[in-house]
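Please look through the sequence and the model below before reading on.

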Amino acid sequence: QVQLVESGGGLVQAGGSLRLSCAVSGSIFRINDMKWYRQGPGKQREWVATIISGGSTNYADSVKGRFTISTDNVNTAYLQMNSLKPEDTAVYYCNVNGAPGGTTFFYDYWGQGTQVTVSS
């Protein structure tokens, strides 16, 4: 029912920029927050950034000052990534914590991920 589709990944050189998008569709009545995670080769999935209802944001120390999370306040989340480093290479996943219409409980929804590769 609820679908999250990431896009915008690709191959860039160190120091370059990418903007990831996460399009959300389906019957989410209320969104508590939206997050970006990433998982590099041979690594565990790690949290990258969060934006909560109201617009407050938080970032992992590894991306603070370089990445910016935002939304269009409708159905899309973004992750602007600047000054990319090889260590940023990972599959990036969008996560939405929201309550489906007609419910009072919040659930986590995940996209399938988009690959970001940063070359030296």
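A residue is called buried here when its relative accessible area is under 20%, exposed when that area is over 50%, and partly exposed in between, with a 1.4 Å probe and protein chains only. The model is a predicted one, in which local features need pLDDT of at least 70 and side-chain atom pairs count only at pLDDT 80 or more, whereas totals for chains, interfaces and linings use all residues. Residues are numbered from 1 along each chain as its sequence is written, and side-chain values use heavy atoms, with hydrogens and water left out.

Another salt bridge brings together the side chains of D33 and K35, at 2.6 Å from N to O. D33 counts as buried because its relative accessibility is 9%, and K35 counts as buried because its value is 16%. The side chains of K64 and D61 also meet in a salt bridge, at 3.3 Å from N to O, but here K64 and D61 are both exposed. D61 belongs to the loop between β6 and β7, and it counts as exposed because its relative accessibility is 68%. Although D61 and A49 are 12 residues apart in sequence, their C-alpha atoms are 9.7 Å apart in space.

Which residues of the largest nonpolar core touch the most other members? Such a core is a set of buried Ala, Val, Leu, Ile, Met, Phe, Trp, Tyr and Cys residues joined through side-chain atoms within 4.5 Å. In the largest one, which has 29 residues, they are L4, W36, V48, F67, L79, M81 and Y92. The elements that give two or more residues to this core are β3, β4, β5, β7, β8, β9 and β11 (114-119). If residues up to four places away in sequence are not counted, V48 touches W36, Y37, R38, N58, Y59, A60, V63, F67, L79 and Y92, where contact means heavy atoms within 4.5 Å.

The largest pocket has a volume of about 310 Å³. A pocket, found on a 1 Å grid over the protein atoms alone with a 1.4 Å probe, is an open set of points with protein on both sides within 12 Å along at least five of seven lines, and lining residues have an atom within 4 Å of a point; the volume is the space filled by probe spheres set on the points, which are joined across faces, edges and corners. Its lining has 18 residues, of which I31, M34, T71, N73 and V74 lie nearest the centre. Strand β4 provides the largest share of this lining, 5 residues.

I28 has its place in strand β4 and counts as buried because its relative accessibility is 17%. Leaving out residues up to four places away in sequence, I28 touches V2, V96, G98, A99, P100 and Y109. The C-alpha atoms of I28 and N75, which are 47 residues apart along the chain, are separated by 9.7 Å.

Most residues other than glycine have a negative phi, yet S83, which is not a glycine, has a positive phi of about 50°. With a relative accessible area of 42%, S83 is partly exposed. Beyond its neighbours within four places in sequence, S83 is in contact with G15, G16, S17, R66 and D88.

Technical notes
Salt bridge = Lys/Arg side-chain N within 4 Å of Asp/Glu carboxyl O. Helix = DSSP H or I, 4+ residues; strand = E, 2+ residues; numbered from the N terminus.
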